[in-house]
Amino acid sequence: MGTKDVTEKILEDYNDVFADIANVLLFQGKERIKPNDLRNSSVHSMYKADDTKVHEQERDVAKIWMPYNIKLALIGYENQTEVYKFMPFRAIGYDGANYRSQLQKENDTIIPVVTIVLYFGSKHWNVPKNLKSFVNIPIGLEEYVNDYKIHVFEIAWLSEETISKFKSDFGVVARFFANKRKNPEYVPDDKTKIRHVDEVLKLLSVIAKDHRYEDVLKSDDFKEVQNMCDVAERLEKMGIAKGIELGREEEKKASRVEFILRVLEMKGGVDEKTRKRIEEEPDVDLLDIWFTKALKANTVQEFEQALD
């Protein structure tokens with residue numbers, strides 16, 4: 001399991017977020033599942049492969065829906081940041097393990113297992129979603145080969161109507177990725193109050209591949225962050241601070257280059273090749289060394305030899 005999956009799981013593991021995702025995506029916004037009706041389920045299962053060894057597989061997050069302590073279903077979420085061609089095979093492994101686990105406990109009632117894929121990519125899921133599409137079935141066996149299909153929800157492509165139904169922090173996340181897909185330069189402007197600020201920013205940092213969101217957590221006034229507008233304000237301040245820092249570095253570099261060229265001009269002038277090398281050197285520390293060499297050299301040629 002990669003870093004991205006781990007980060008996503010932290011947010012979705014909160015019952016309010018988990019229930020909200022199910023209510024919107026599975027029940028079209030109806031509040032069928034309440035946070036207090038959810039119980040954690042094991043995400044680990046074992047299987048024996050052709051190598052006769054026992055292997056472990058792990059879901060991203062799974063919970064049992066238990067209103068009034070009556071088990072109704074096991075629901076699992078699988079997070080994907082990129083399209084995974086063989087997702088149906090992975091999902092059927094998880095579902096099969098959950099059914100097998102119920103049988104081993106000799107339950108009188110077997111509850112259904114529901115697995116959905118939450119896909120955060122900016123491009124559509126463009127590979128088949130059913131098992132049969134990947135299997136070469138001999139003529140005559142088609143009707144006897146059981147199919148299995150996955151349910152993929154493309155978060156960045158959800159409609160605004162659907163996104164507006166989310167009541168948890170997942171709505172903030174979904175709106176962010178939808179806007180980011182439409183405009184890669186999107187600046188967060190969502191005023192919705194965030195309940196799990198730490199987890200939301202860590203998720204955005206990893207999924208959007210932008211470490212600045214996690215850097216916000218390190219700011220002195222992080223605890224004052226309540227929505228994405230507050231995040232954008234801090235990102236802007238960080239950008240200004242970084243700009244000033246970069247400006248200072250550029251100023252240092254320019255002064256070093258000027259000093260070196262002045263010294264060399266007094267020792268006979270500089271050819272275009274050497275001048276260009278000095279002007280394009282980005283390392284300020286190295287320019288300091290070159291400045292010392294320029295002072296010590298008796299001629300420009302001696303300085304150029306010292307560079308090689």
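The structure is a predicted model, so local features need pLDDT of at least 70 and side-chain atom pairs count only at pLDDT 80 or more, while totals for chains, interfaces and linings use all residues. Residues are numbered from 1 along each chain as its sequence is written, and side-chain values use heavy atoms, with hydrogens and water left out.

Let's start with the charged pairs. Side chains of opposite charge can pair when their charged atoms come close. Here a salt bridge is called when a side-chain nitrogen of Lys or Arg sits within 4 Å of a carboxyl oxygen of Asp or Glu. By that rule, the model has 13 salt bridges.

One of them joins arginine 212 to aspartate 210, with an N to O distance of 2.8 Å. For exposure, buried means under 20% relative accessible area, exposed means over 50%, and partly exposed is anything in between (1.4 Å probe, protein chains only). On that scale aspartate 210 is buried, at 14%, whereas arginine 212 comes out as partly exposed, at 35%.

Another salt bridge pairs glutamate 224 with arginine 234, and here the closest N and O atoms are 3.9 Å apart. This pair links distant parts of the chain, ten residues apart: glutamate 224 is in the loop between helix H7 (212-215) and helix H8 (228-265), and arginine 234 is in helix H8 itself. Helices (H or I, at least four residues) and strands (E, at least two) are DSSP runs, numbered from the N terminus.

Elsewhere, salt bridges that share partners tie Arg59, Glu78 and Asp95 into one network.

That leaves glutamate 82. This residue lies in the loop between strand E5 (73-80) and helix H3 (87-104). Glutamate 82 is partly exposed, with a relative accessible area of 49%. Its C-alpha atom is 9.8 Å from that of histidine 124, a residue 42 positions away along the chain.
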